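I set down what I looked up and what I found.

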Amino acid sequence: MNLADKPTVFSGAQPTGQLTLGNYLGALQNWVAMQEEYNCLFCVVDLHALTVRQDPQALREQIYDLAAVYLACGIDPAKSTIFVQSQVPAHAELAWILSTFTQMGELERMTQYKDKSQRHRTNINAGLFTYPTLMAADILLYGTHKVPVGADQKQHLELSRDVATRFNGAFKPIFQVPDPLIASSGSARVKDLQEPSKKMSKSAESDLAKVMLLDEPKTILKKFKKAVTDSQGVIAYDEEAQPGVANLLNIWCAATNNSLENALEHFSHNMYGKLKVESGEAVNAILAPVQERYRDIIADRGELIKILDNGAEVARQRAEEMMVKVVDVLGLPPRRSL
Ligand code: TYM
């Protein structure tokens, strides 16, 4: 099959500090698996990161670092396009246009906006509010068919679909209406190790709550050993009554590629200690090769920049093809080559 015949996949992560095990199991691991079958674009969404105040020097390092992590996880620049969002100006341009097709009420309903505006009360900026229109632009620019994300992004994806449908209906169908591809149930929402009712998030205050992709193996094991469980003393899968145990079972399944059924059989008649240690060990086994590749990739900044420059070039061309259609249907003057 020719590359152009393959359906398109687009996804991204924010360069706001190291990735967590949640990002890896909920998103990146699936991206890697999609590279053969799909024409994939994987983006470091640095413009999204600006909705929270960032230190400029640290941000630039985090952007390169995240690109290096993509490569270390197995994203292959020979198969997929890896690029930085701000290097393709059409993302911001289309976001503006799509914001005029998005209702305030739709944005007000976004749970991530409600959450973040609670946490950053002194900086509830307009970008935080219109964030989902930028995300819709990221996706719609490339005629994306599938968007592999964790469960927390589902609501944003629904908005992207609604905006695409509304725009298409107002003019003609130039946007592909994208489908979310949410990771299998266990890894779609990896939970916080200390407060297992919440998702594992980079922004959790306690270090013990989150497993970072580049944590040392002994640190990872320690975090798992200290994971919060319950006092029931039985290993069973019940997200409501035993959220900590359910989370460890999910992680073990995702890391060892086992079904929940196998997990329950494997740990039957065991204590929580064994579940904690084996989950930590399984995570270390999948992360060790990623960490080793990361160390090589990050040491060669020149090569990394070359990959990102190539990726941005490919993405700019594809995005421009869509912008030609967008300005045409809107009645703006035709694009001149940039
Ligand atoms: P971000 O940077 O918060 O997270 C990147 C990806 O990781 C997934 N994820 C999780 N999955 C399972 N369990 C968890 N605990 C967990 N935490 C995070 C997220 O669902 C996501 O897939 N707005 C997006 C980035 C973005 C994007 C896009 C994604 C911008 N434009 C276009 C797809 C398409 C975000 O903040 O992801």
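**Entry 1: Basis.** I am working with a predicted model, in which local features need pLDDT of at least 70 and side-chain atom pairs count only at pLDDT 80 or more, while totals for chains, interfaces and linings use all residues. I number residues from 1 along each chain as its sequence is written, and side-chain values use heavy atoms, with hydrogens and water left out.

**Entry 2: Domains.** I looked up the domain assignment of the protein chain, which gives domain 1 (3-187 + 300-330) and domain 2 (207-295). Such bounds come from an automatic or database domain assignment. The C-alpha centres of domain 1 and domain 2 lie 29 Å apart. Domain 1 and domain 2 each bring 16 residues to the contact, where contact means heavy atoms within 4.5 Å.

**Entry 3: The interface.** I noted that domain 1 and domain 2 bury about 1300 Å² between them, with 71% of it on carbon and sulfur atoms. Buried area is the accessible area (1.4 Å probe) that two parts lose on being put together, summed over both. On the side of domain 1, Gln18, Leu21 and Ala72 lose the most area to domain 2, together 40% of what that side buries.

I found zero salt bridges between domain 1 and domain 2; a salt bridge is a side-chain nitrogen of Lys or Arg within 4 Å of a carboxyl oxygen of Asp or Glu. Three helices, α1 (21-34), α3 (56-73) and α9 (185-188), each supply at least two residues of the side of domain 1 that touches domain 2. Of these, α3 gives the most, with six residues. Helices here are DSSP runs (H or I, at least four residues), numbered from the N terminus.

**Entry 4: Single residues.** Is asparagine 250 buried or exposed? Asparagine 250 counts as buried because its relative accessibility is 13%; buried means under 20% relative accessible area, exposed over 50%, and partly exposed in between (1.4 Å probe, protein chains only). Asparagine 250 is found in helix α11 (residues 243-256). Leaving aside its neighbours within four places in sequence, asparagine 250 is in contact with Gly186 and Tyr237.

I then turned to backbone angles. Most residues other than glycine have a negative phi. Asparagine 257, in the loop between α11 and α12 (260-266), has a positive phi near 60 degrees. Histidine 269, in the loop between α12 and α13, has a positive phi of about 65 degrees. Asparagine 257 is exposed at 73% relative accessible area, and histidine 269 is exposed at 82%.

**Entry 5: Salt bridges.** I recorded 15 salt bridges in the structure. In one of them, glutamate 93 pairs with arginine 335, the closest N and O atoms being 2.6 Å apart. Glutamate 93 lies in helix α4 (residues 90-99) and arginine 335 in the segment after α14 (301-330), so the pair ties together parts that are 242 residues apart in sequence.

Which residue meets glutamate 278 in a salt bridge? The partner is lysine 274, at 2.8 Å from N to O. Both residues lie in helix α13, four residues apart, about one turn of the helix. Glutamate 278 is buried at 18% relative accessibility, whereas lysine 274 is partly exposed at 33%.

Glutamate 303 forms a salt bridge with lysine 306, with 3.6 Å between the closest N and O atoms.
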